[in-house]
Amino acid sequence: MEFFDDGDYELREIQKLEGHTDRVWCLSWNPKTGINGVPPIIASCSGDKTIRIWEQSGPSQSWRCKAVLEETHARTVRSCAWSLCGKFLATGSFDATTAIWENVGGDYECVSTLEGHENEVKSVSWNECGNMLATCSRDKSVWIWEVLPGNEFECVTVLQGHTQDVKMVQWHPRMDIVFSCSYDNTIKVWWSEDAESENWECCQTIGESNNGHSSTVWALSFNVEGDKMVSCSDDLTLKIWEANTLRMESGDGYAPWSHICTLSGYHDRTIFSVHWSREGIIASGAADDAIRLFVESKDDSIDGPSYKMLLKKEKAHDMDVNSVQWNPVDHHLLASGSDDGTIKIWELAS
Amino acid sequence: MVSGLINANPVVYEKKERRVRSALDYVDEYAVEPIDQQEVFDILSSSLILMPFILSCIKFEVPLSPCFDPEHPYSLEELKVITEDAIEVNDECSYVRVTFTPTVEHCSMATVIGLCLRVKLMRSLPSRYKVDIRVAPGTHATEAAVNKQLNDKERVAAALENPNLVDMVDECLAPTYG
């Protein structure tokens, strides 16, 4: 873990990407790009029912829209996520479907459409191995799909437990554990003790009574080690959680997550997005149009680690910031998407 | 089906006398004129709620009041759903908060009225504005749930992709444009 001095940090705007004709809801960096001479690629999805693929290329190294994926989703495309191999893009839409796109020589083909949710799909997430996909919906359920040969997807289980719409699903970065957060103010952790079986169950519910959020939980993200998690909410706070994942990885059963700190007093409107960089910087995007960065503070109290704000970028966008995503390769590159219809690429400079 | 009204005989209030905006001796036509409370009130107060009433009649099969004249749509101002005092505007911070009062405590149309108010403001105010819409404290049985729903932008966005709901909102708002 790298510590950051109180030096002057600056979030410098590199480029503003324009093209979407409605709000940008979600962004996803292709994890296999930006290395070995492959130009970096980011996908964005929008209320304009399309997905755009952006690439940094050419002598000017500027970002350009390489593809517009349209006429597949009939309504808002709410969520997008690349598989870890970088070959597949999953997109979830208010039209109740999830589409799987394959990159075939620079062209994107919709190779599969997953149906089953009763209404709006709000989030999609691939597991680490890329053999499973999780989706969630306003229908209060989380679905886990297994990837079969020939771009076939089979629903392994439907997880019921949330009492309201599920806003986001996210796999743990190292283990096959699914986390979901909801309009019902809780985070639920789903796990199948026997890896071969399909007996997925909810092994923990983090709610207000155990230091959880007091309003809608919009998003969560993990640190690189996977032993800490950050969540953000309509209650204007970010919360940091910790679990003994090493014990769990060694097969000693479920390790519960416990609250280690609450970051409050920074945001004054709903926090929609949070993302933990591989270098340990937490970025948050909120309805106050600002982006904030937080790091673990050096002056640890006896109560455990504390976090401080590294910087606040006011008016990062003209409207709400819906998504913030760190580049998985170039750790100083941050992308943000907004209600103003634009995507911005930022560089963290000191 | 018997049609009727959830609040078949609403109290109708007189429209308030309009304040006349003070005419300045010198008018700088290039000056940016800030948006104020009265302007937001004017945007909202004329919104009609005839459609929600009719829909709630059909839904709840409440007997029709002989006094109710469906030809006469009452405005939100006449029903005191919206008053000027319940609108908080901060132009510098680009912020508007509207607190509305449903006509009856169990008014099932509170979310629809709130949605109409939000859409009306979305279409009328500059996009930089942040809008919070709330039910007046103590005036609705499921106040917290209504407030949460009206201020969840994802739910609002999904609702506004529902053609039936959009038609209803447009019909409520239609007479206020033009």
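The model described here is predicted.

**Chain B**

Chain B has 178 residues, and buried residues make up 29% of them. Among contacts in chain B with a separation of 6 or more, 79% link residues 24 or more positions apart.

Two helices of chain B pack together. Helix H3(B) covers residues 110–124, and helix H6(B) covers residues 163–173. Their axes come within 10 Å and cross at roughly 70°. An angle from 65 to 115 degrees counts as roughly perpendicular, so H3(B) is roughly perpendicular to H6(B). On the H3(B) side, the contact uses Val112(B), Leu115(B), Cys116(B), Val119(B) and Lys120(B). On the H6(B) side, it uses Met168(B), Val169(B), Cys172(B) and Leu173(B). By class, this contact has eight nonpolar residues, no polar residues and one charged residue.

Another helix, H4(B), spans residues 143–150 and holds Ala144(B). Is Ala144(B) buried or exposed? Ala144(B) has 9 C-beta neighbours inside 10 Å, so it counts as exposed. Arg134(B) is 10 residues from Ala144(B) in sequence. The C-alpha atoms of these two residues are 9.0 Å apart.

**Where the chains meet**

How many residues does each chain bring to the contact? Chain A brings 11 residues and chain B brings seven. The chain B side consists of two nonpolar, one polar and four charged residues.

**The nonpolar cores**

The largest nonpolar core has 94 residues. Within it, Val142(A), Val178(A) and Leu220(A) touch the most other members. Take Val142(A), leaving aside neighbours within four places in sequence. Its contacts are Ala134(A), Cys136(A), Leu159(A), Val166(A), Val169(A), Val178(A), Ser180(A) and Trp190(A). A separate core has 24 residues, including Val89(B), Ile113(B), Leu115(B) and Val135(B). Leu115(B) also takes part in the contact of H3(B) with H6(B).

**The sheet S14 to S17 in chain A**

Four strands of chain A form an open sheet in the order S14-S15-S16-S17, with antiparallel pairing. Which strands stand at the edges? They are S14(A), residues 166–171, and S17(A), residues 201–206. Each has a single partner strand, so one side of each lacks a neighbour in the sheet. From one strand to the next, the twist averages 20°.

Strand S16(A) covers residues 187–191. Five bridges join S16(A) to S17(A), and the two run antiparallel. Trp190(A) has Cys202(A) in S17(A) as its bridge partner.

Why is S22(A) largely enclosed by the rest of the structure? This strand covers residues 271–276, and six of its six residues are buried, so the rest of the structure largely encloses it.

S22(A) is joined by five bridges to S23(A), residues 282–286, and the two run antiparallel. They form a hairpin with five residues between them. In the turn, Gly280(A) has a positive phi of about 95°. Across the pair, His275(A) has Ala283(A) as its bridge partner. Trp276(A) stands opposite Ile282(A).

Two residues of chain A have a positive phi although neither is a glycine. The table sets out their values.

| Residue | Phi | C-beta neighbours |
|---|---|---|
| Asn185(A) | about 75° | 21 within 10 Å |

Asn185(A) lies in the loop between S15(A), residues 177–182, and S16(A). Leu236(A) lies in the loop between S19(A), residues 228–233, and S20(A), residues 238–242.

Methods: Residues numbered from 1 in each chain as written. Chains lettered and ligands numbered in written order. Predicted model: local features only at pLDDT ≥ 70, side-chain atom pairs only at ≥ 80, totals over all residues. Contact = placed C-beta atoms within 7 Å. Nonpolar A, V, L, I, M, F, W, Y, C, P; charged D, E, K, R; others polar. Core = buried A, V, L, I, M, F, W, Y, C linked by C-beta atoms within 7 Å. Buried ≥ 20, exposed ≤ 12 C-beta atoms within 10 Å, placed from the backbone. Pairing = 2+ DSSP bridges. Axes fitted to C-alpha atoms, helices over the stretch in contact; angles between N-to-C directions. Parallel < 35°, antiparallel > 145°, perpendicular 65-115°, else oblique.
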